[in-house]
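Let's take a friendly walk through a protein model. Have a look at the sequence and the structure first, then read on.

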Amino acid sequence: MRGVLSGFLVIAVVIGVGYVIGRRGYLGAQGRDVLTKLAFHVASPALLFTTLGRADLSVVFSGRLLVTALSTAAVAGVFVAVGAVRRWGVGRTTVGALCAGYVNAGNLGIPIAVYVLGDASLVAPVLLFQLIGITPVALTILDLSTAGEKQPLWRRLLTPLRNPIALGSLAGVAVSALGVEIPGPVWDPVTLIGNMAVPAVLLAFGISLRGSRLPLRGGDRGAVLLAVGLKAVGQPLVAWALAVGVFGLRGAHLLDVVVTAALPAAQNLFTYASSYRVGETLAREAILVSTVLSVPVLVVVAALLG
């Protein structure tokens, strides 16, 4: 219980600081854009490189990760199907699908894993799965959907290799897989730069709340409600059903996968939406509302399965 509350408190404080910065205008009119670009092009790739560069890649193939992968695919598939019917567009639908299934396994998942699940490494498989599998694919779709039809085929095929987030992830995986030892004078500056990623994302998110209308009052209301419903309720239920009915998980293993699925949408999704100028309101509101709703959901899950 303490891990749930402490994790949310840290996030709320940093977002609140960002809101004050935006309200006071300390960073000027372009402050949010600068922080977003810093996170997307510099800090996040560095963070992903250092995170994956020393990770145990064998955790990617754990049985519990299959529950996360299948539950993510299920809720994302529902959003994509609805988005196709409603003609929300490829970019907007991609952002919404991410908000429906991409969990906050980093800055919120780690403290919750420590205090609720008792082991911070339990979120590592989910973090790796999202960084290695989901992020490059989603960003490639966003790249292609916003680049128009004038690019030659060879440039489209090389899209993942031109994205800084994908490059950071793939480079980290390569370092870990090959067992390359990075010298301290090289590793330490990259780590220091990567440490800016989460604060920059949260501050940019807080700045974006300045002057924004209350959630669920604009044209994105339907998409936001769908994404939040799938994230806060649908994904935990699907994860529980798969864990119990298909994989036979019980006890701590069951609690692990359901708590992970109940985490809210990750803040870095707003960075992706902002970088591609698509679905920004959808991402901001879905992250905000799912974060608020995940508190009681996580408390209930911990009480029932803990």
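## The overall build

Helices (H or I, at least four residues) and strands (E, at least two) are DSSP runs, numbered from the N terminus. Counted that way, the protein has 14 helices and zero strands.

A quick word on the ground rules: this is a predicted model, where local features need pLDDT of at least 70, side-chain atom pairs count only at pLDDT 80 or more, and totals for chains, interfaces and linings use all residues. Residues are numbered from 1 along each chain as its sequence is written, and side-chain values use heavy atoms, with hydrogens and water left out.

Of the 306 residues in the protein, 50% are buried (under 20% relative accessible area, with exposed over 50% and partly exposed in between, using a 1.4 Å probe and protein chains only).

## The nonpolar cores

A nonpolar core is a set of buried Ala, Val, Leu, Ile, Met, Phe, Trp, Tyr and Cys residues joined through side-chain atoms within 4.5 Å. The largest one here has 73 residues, and Phe79, Val95, Tyr102 and Leu269 touch the most other members. Helix 6 supplies its largest share, nine residues. Apart from that core sits another, of eight residues, including Leu35 and Ala200.

Which residues does tyrosine 102 contact, leaving aside its neighbours within four places in sequence? Among them are Gln130, Ile134, Pro264, Leu269 and Tyr272, where contact means heavy atoms within 4.5 Å.

(The expected span is 1.5 Å times one less than the number of residues.) Its buried residues include Pro164, Ile165 and Val175, and helix 2 (31-53), helix 6 and helix 13 (268-276) are among what covers the buried residues of helix 8.

Helix 12 (residues 251-262) reaches 17 Å from its first C-alpha to its last, close to the expected 16 Å. This helix is mostly covered, with nine of its 12 residues buried, including Leu254, Asp256 and Ala262.

## A pocket

On a 1 Å grid over the protein atoms alone, a pocket is an open set of points where a 1.4 Å probe fits, with protein on both sides within 12 Å along at least five of seven lines; lining residues have an atom within 4 Å of a point. The second largest pocket is lined by 18 residues, and Ala76, Ala97, Leu98, Ile134 and Ala138 lie nearest its centre. Helix 3 (63-86), helix 4 (90-101) and helix 6 (124-146) each give two or more residues to that lining.
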